[in-house]
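I set out to record what I looked up in this structure, entry by entry. The notes below follow the order in which I examined the parts.

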Amino acid sequence: MKTEKLRIRLSIMLSKDFKTLITMKSKKHEPFIAKVKDFLYDEDDTKVIFQRCEETKFPGDIENEEYTTYIKNITSVDRHQ
């Protein structure tokens, strides 16, 4: 999926407060479920901040309540049922 399309889908997930299934480009990381919290508009590329849900396991076993990554590092975004 192109970065612009991913950004739009993430914006929709944020506005509707949906849980989101995120698949990263790196095959080392399992897809994870989180809520979109906010965006960071840097000079380089846009970053997205994800908020942990009870079933969330962020890439790299990060124990934080939030996870930030560049949108370009994401392969797909889907609503979690």
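Is T56 buried or exposed? I found that T56 counts as buried because its relative accessibility is 9%; buried means under 20% relative accessible area, exposed over 50%, and partly exposed in between, with a 1.4 Å probe and protein chains only.

**Basis of the entries.** I note that this is a predicted model, in which local features need pLDDT of at least 70 and side-chain atom pairs count only at pLDDT 80 or more, while totals for chains, interfaces and linings use all residues. Residues are numbered from 1 along each chain as its sequence is written, and side-chain values use heavy atoms, with hydrogens and water left out.

**Entry on T56.** I located T56 in the loop between strand 3 and strand 4; helices (H or I, at least four residues) and strands (E, at least two) are DSSP runs numbered from the N terminus. Leaving aside residues up to four places away in sequence, T56 touches I33 and A34, where contact means heavy atoms within 4.5 Å. A polar atom of the T56 side chain lies 2.5 Å from the backbone oxygen of I33. I took a polar contact to be a pair of N or O atoms within 3.5 Å; within protein, one must be able to donate a hydrogen and the other to accept it, and residues adjacent in sequence count only if both atoms are side-chain atoms. I also looked up T56 and K35, which are 21 residues apart along the chain and have C-alpha atoms separated by 9.4 Å.

**Entry on T20.** I placed T20 in strand 1 and recorded it as buried, with a relative accessible area of 0%. The T20 side chain has a polar atom 3.4 Å from the backbone oxygen of F18. Among the residues that T20 touches, not counting those up to four places away in sequence, are M13, F32, V36 and V77.

**Entry on the core.** I then turned to the largest nonpolar core, which has 16 residues. Such a core is a set of buried Ala, Val, Leu, Ile, Met, Phe, Trp, Tyr and Cys residues joined through side-chain atoms within 4.5 Å. L10, I22, F32, V48, F50 and I74 have the most contacts inside this core. Helix 1 (3–16), strand 1 (19–24), strand 2 (32–41), strand 3 (46–52) and strand 5 (74–79) each supply at least two of its residues. Strand 2 gives the most, with four residues. F50 lies in strand 3 and counts as buried at 0% relative accessibility.

**Entry on the rings.** I found five aromatic pairs in the structure; rings of Phe, Tyr and Trp (its six-membered ring) pair if their centres lie within 6.5 Å, and planes under 30 degrees apart count as stacked, over 60 as edge-to-face and the rest as tilted. The F32 and F58 rings have centres 5.6 Å apart and planes at 80°, so this pair is edge-to-face. F32 lies in strand 2 and F58 in the loop between strand 3 and strand 4 (66–70), so the pair ties together parts that are 26 residues apart in sequence. F58 and Y67 form a stacked pair, 5.3 Å centre to centre with 20° between the planes. F58 counts as buried at 2% relative accessibility, and Y67 at 12%. I noted that ring pairs link F32, F50, F58 and Y67 into a cluster.
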